[in-house]
Amino acid sequence: MTEKEVLQFIKENGVQMVDVKFCDLLGTWQHFTVPVSELDEGVFKEGFGFDGSSIRGWQSIESSDMLIIPDPKTAVIDNFIEAKTISLICNIKDPITGNFYDRDPRYIAHKAEKYLQSTGIADTAYFGPEAEFFIFDDIRYDQTSNTGYYYIDSEEGIWNSGRDEMPNLGHKPRYKEGYFPVSPVDTQTDIRNEMVAEMQAVGIRIEAAHHEVATGGQAEIDMRFNPLTQMGDNLMWYKYIIKNVARRYEKTATFMPKPLFGDNGSGMHVHQSLWKSGQPLFAGKEYAGLSEIALYYIGGILKHAKALCAFTNSTTNSYKRLVPGFEAPVNFVYSSRNRSAAVRIPMYSNNPKAKRIEYRTPDPTSNGYIAFSAMLLAGLDGIINKINPGKPTDKDLFTLTRKELKNIPVAPGSLEEALKELEKDHKFLLQGGVFTEEVIETWIDRKMENDVNPVRMRPVPYEFMLYYDI
C-alpha cells in the first residue's frame, strides 16, 4: 500500500489502532501502539519519536532520541490484538543527522540489497528459511546463586509414556521418530493449521507444515522464498504468529535450538539464490546443475562460514546443537542431496528456476535481517574473488573416520569461538557499507557480556552429577 492507501484502508475498515513494530539488534520485535487519529501522511516521513537507549544494542542514554518511520508497504491487520489494529513495520532514523540508523537490522538488509544491485552481478537475492520450533505445554526455569533448573513438559513427550494422565492414551512420538506421523501420534495438526492461516492472513505464502523429527512437539512451517528484506519481515511475522497462536491454545512455542537433551534440535536451513532481470543465475552445467556463479557463491559461504556462525548461530545454546557426529550439519563442505553437508544442493526439480543452494548450519535464534545479509555478502565475496569451493563431498559425513574428517573444516565449538572468528574475518561484511565496524564491534561486545560470560560463570545441573563427589 501507499501512504494514501493505508489511510483509506483504515477509514474503510474501521481500524481503531496503529501498531508500529521494529526489530532490535538481536532480533526481537519491539512495538508501541497509537490511536488512528495520530496517523497522517506526514508520519510516514517524519515518524514517531521514542527512546533508543532502552532498546538492546542501540543508543546510549545521552543520545537516546530516535525516530521510527512506518513503511506503508508492510500494512496488515494484526489479529492478535482485540481492538482492530493495523500493523506497520518500521525503519529507524537519527533525528539529528536525518540518516537511517546503522544498527537497525532492517536497514542493514536494505543496504545488502542495494549493494547487490551495485555490483551488477544480480538484482535480487531470494531467501527461503526453514525455521524449526517446539510447541510445549509447560516451561519453568530459574537461576539463583544457590540453585538452577529448567523443566519442560509436553503431552507428546515420550518421557510421559508412563505418566498417569487419567487416562494415558499413548501414541507419543519416540525419540527421533516424530517426522511425518499422522494423528493420533501427531497431536498438533490443528494448531499448525491455525498458524498457517494467520500467516496467510498477513500475506505470507506457505508451502507446507508438518511435525518434525523430535519428540515433545517439534514442528516446521515452510515459507515460500522472497527477496531478502521481505523475507526478514516475514520471519519476524513467522515467529510472532507461532508464539501467539501457541498461547491461544495455552501452549508455549520456542525457537531455542536445543531445548531437549537426547533428541534433535531446531535448525533453520536457508535456501538462497541470485536472479537478474527475472532470470535465475544459479542454474548451469557444472556440478549438480549449478552455474559457475553458484559454485563461487558456495565458495564464499564456506570460506566465511565460521565467522557467519556469530550471526547465524547467535546463542550459547546454538552450540549444543552444533556438535560433530550428531544430527546437525557442522562440516563445511558442499554436496548434492546430502543432508549431512553444511551446503546442500536440492535436487527435487530440473527447472532452472528451482536451482538454489541450501545452507544448513543456521538456527532460528538468528536475526533474519542480519543473518541473510551476512550470507549474501559472503556469497558475493565468493563470486567477486572467484573462490573455488573445492570438490564436493558426496559421502555421509556422519560415517567418516577421524582420519577422513581431519581435513574437513567444522563449525565453531562455542559462541565465543564464533565471535572470535567474526573479529578476525569481517572485511567482507563491510563491502558497500552494509555492516559497519561499529555494528560488528557492538555485536561482539554485547554477545560476550550478555551471553558468553554469564553462561560461563554459572554451574549447570549436570556438573553436579559429574563432580559433586570428587
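The protein chain exposes about 22100 Å², and carbon and sulfur atoms supply 51% of that area. The model described here is predicted.

**Overall form**

Along the principal axes, the C-alpha atoms of the protein chain fill a box of roughly 65 × 60 × 50 Å. The secondary structure of the chain comprises 13 helices and 18 strands. The radius of gyration is 23 Å, close to the 23 Å that the globule rule gives for 470 residues, so the chain is as compact as a globular protein of that length. As for charge, the protein chain carries 52 positive and 64 negative charges, whose mean positions are 7 Å apart.

**Interior**

Of the 470 residues in the protein chain, 53% are buried. Among contacts between residues at least 6 apart in sequence, 68% join residues at least 24 apart. The largest nonpolar core has 121 residues. Phe127, Met195, Tyr238, Leu274, Leu376 and Phe435 are the residues with the most contacts inside this core. When residues up to four places away in sequence are not counted, Phe127 touches several residues, among them Phe225, Leu228, Met231, Val270, Tyr297, Phe372, Met375 and Leu376. The partners of Phe127 also include Asn226, His271 and Gln272.

**Two loop residues**

Lys172 lies in the loop between strand E9 (148–153) and helix H4 (189–201). Is Lys172 buried or exposed? Its relative accessibility is 11%, under the 20% limit, so Lys172 counts as buried. Leaving aside neighbours within four places in sequence, Lys172 is in contact with Glu155, Glu156, Gly157, Ile158, Asn160, Ser161, Glu165 and Val185.

Leu429 is found in the loop between helix H11 (415–424) and helix H12 (437–456). With a relative accessible area of 1%, Leu429 is buried. Not counting residues up to four places away in sequence, Leu429 touches Phe311, Ala374, Leu377, Leu422, Val434, Phe435 and Ile440. One of these partners, Phe435, is also listed among the residues with the most contacts inside the largest nonpolar core.

| Residue pair | Separation along the chain | C-alpha separation |
|---|---|---|
| Lys172 and Val43 | 129 residues | 52 Å |
| Leu429 and Met375 | 54 residues | 9.2 Å |

Note on methods. Residues numbered from 1 in each chain as written. Predicted model: local features only at pLDDT ≥ 70, side-chain atom pairs only at ≥ 80, totals over all residues. Heavy atoms only, no water. Helix = DSSP H or I, 4+ residues; strand = E, 2+ residues; numbered from the N terminus. Rg over C-alpha atoms; globule rule 2.2 N^0.38 Å. Buried < 20%, exposed > 50% of the residue type's maximum accessible area, 1.4 Å probe, protein only. Contact = heavy atoms within 4.5 Å. Areas by Shrake-Rupley, 256 points an atom, 1.4 Å probe, with all protein chains shown as cover. Lys, Arg positive; Asp, Glu negative; His and termini not counted. Charge placed at Lys NZ, Arg CZ, Asp CG, Glu CD. Core = buried A, V, L, I, M, F, W, Y, C linked by side-chain atoms within 4.5 Å.
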